[in-house]
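Dear colleague,

Please find below the structure that I am handing over to you. A summary of the findings follows it.

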Amino acid sequence: MRHKATSPFARAGTPARPSRRLPRAETAPAGPRDRLRDWLATAPILLLVVMVLVGDPTRAATPTLTVDGMAMAGQRFVVGGTGFAAGTEYQLRWDGDGKGMPRVRARGDGTLGTAVRVPRDAAPGPHVLDAIVRLGNGRQAAIAAPVASVTVMVMTHEAEPTSVPTPAPAVPTAVATPTTIPTPPEHGHPTPTPSAVAPAPPSTSPPAAPTVAPSPSPSHDHGGMPDPVACTGYPEHRVFLESQGWWVQTPGQSGTDFGHVHVGMCFPQAQRVSGTVTLDVRLTMHHNAGTLARLYGGIETDNGGYDLWNVPVGLTCPHDTCVRWVQLRVDTTRVPVDGRVEWRFRPQVKTTDGLDFTPSTGWQTYLVNGGGRPSVDYRSRDEAIARGWYDGAGYANASIMSVPLAPLTGTWSSNVILDRGSDGIPITSHGIYIDPDFHHGDKGIVVREGSGPYRGTVTINAASLSPGAHRLVLRADARDPRGSTNSGLLVIVFYVAQ
């Protein structure tokens, strides 16, 4: 229980003041001159309060808070800010409560920055982080209205959904609003709910117009709360793609074993994009004693490559499966050309033997920023590539020439290439699977397995599958002379219509 502190000016034993009220002296009503005099006396005080709260109005900018990516309960994320009153101390609050939240003082240029730990009992979904002014001696400002606020998306910890919902009927430009955000099961493969956006049919040639009419975008303000696993709520149609790199000990050999590293996201494969594109990237490590140091990469064009992001991560997971989310806001106008381009996401793992273990992606979009930019395609098709890479072993690549974007109703086919990439050692085996769970010895539906590389066709018969979400997994393995196997796996989430 909280008690009001005793006044420091009260003497011990001082009796309580009598409670009866004294008669109030009669006063004449205030005239116009008296009201003017009172207002003039009060105005400087009010102006001082306003300047403390928002700074000098002649030079104040709008205070703005920003957060670096999404967070999980109990984990830290970085908060930054601009436009705050220089030298003023602010109290951060989580959903209106400052308990456990830091105080931060604005720098001379009006910026601020600190780390915030998400409350351990924070529910998944959007939460509001705001800042209020604190006066001298740590007192809260009399006017406790926030001067700035930002929405923070809290992701759930890793847990497997109990079931996979079946697709809703396709409705043009409609967006399904999920009530929860499913997270990946142990093996890191998503089991999302399907998007209610009417997806475009697969295509192997550049579209003359957007393949999906964009629905109103929440722009990650979480008014519509994009779901980064189910791929709903984004401004264009997206499909969950994942690139996995494996470096495991070859059975019967004595090589090193650094498990898996995955990079996956709802990606606008084969879509037209422009301006700033927001990507919610899921990084997964499984039985990997190395350190996932950073996520870096950029966009490859016929005019050269452009490095656009480099985010420190610092994730290690030697015994279990660990997930870290990173949100990227990629300004595509920094790329000086339009046309089909390739996005490359590279999670770099530093292994305990001092080597690099870095899978990567090769996923396609069309840039349409205009403004007189030349339009040149980097590739001739909407290919999706996963590249497993390890020092000395080069690339083991799994690629598909088109991705199933629409719910399947009959048979669907595409050409695939499961082979070595640049500087890669020879591929010794390959496999194509539907809904495998390799971590528990379950290959799911084996579409094809064989020795050596494979260049040919994969066919999916939707009639043989239950309605809902499924995973198509392409895998290329290369046995290294050092006693380990380097693998590249491409995971594609597709849907079977009801």
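**A partly exposed cysteine and its surroundings**

Cys322 has a relative accessibility of 21% and therefore counts as partly exposed, since the buried class ends under 20%. Its bonded partner is Cys317, with a sulfur-to-sulfur distance of 2.2 Å. Cys317 is buried, at a relative accessible area of 1%. The torsion about the S-S bond of Cys317 and Cys322 is about 75°, so this disulfide is right-handed. Please bear in mind that the model is a predicted one.

**The other disulfide**

The count of disulfides comes to two. With the bonded cysteines numbered in sequence order, the pairing reads 1-2, 3-4.

**The chain as a whole**

The protein chain has 498 residues, of which 49% count as buried. Among contacts with a separation of 6 or more, 68% are between residues 24 or more positions apart. The chain exposes about 23700 Å², and carbon and sulfur atoms supply 52% of that area.

**One of the sheets**

Three strands form an open sheet in the order E1-E3-E6, with antiparallel pairing. Strand E1 (64–67) and strand E6 (112–117) are the edge strands, each pairing on one side only. On average, neighbouring strands of this sheet are turned by 25° against each other, direction ignored. E1 pairs with strand E3 (residues 76–82) over four bridges, in the antiparallel sense. Leu65 stands opposite Gly81 in E3.

**Confidence**

The average pLDDT of the protein chain is 78, and 71% of the residues score at least 70. Where does the pLDDT stay under 50 with zero contacts beyond four places in sequence? This applies to residues 1–28. Residues 45–59 also have a pLDDT below 50, but this stretch has 15 contacts in the model beyond near neighbours in sequence.

With kind regards

Note on methods: Residues are numbered from 1 along each chain as its sequence is written. This is a predicted model: local features need pLDDT of at least 70, side-chain atom pairs count only at pLDDT 80 or more; totals for chains, interfaces and linings use all residues. Side-chain values use heavy atoms; hydrogens and water are left out. Two strands pair if DSSP finds at least two bridges between them. Helices (H or I, at least four residues) and strands (E, at least two) are DSSP runs, numbered from the N terminus. Axes are lines fitted to C-alpha atoms, for helices over the stretch in contact, and angles run from 0 to 180 degrees between N-to-C directions. pLDDT is the predictor's confidence in each residue, from 0 to 100. Contact means heavy atoms within 4.5 Å. Buried means under 20% relative accessible area, exposed over 50%, partly exposed in between (1.4 Å probe, protein chains only). Accessible areas come from the Shrake-Rupley method with a 1.4 Å probe; for residues, only the protein chains shown count as cover. A disulfide is a pair of cysteine sulfur atoms within 2.5 Å.
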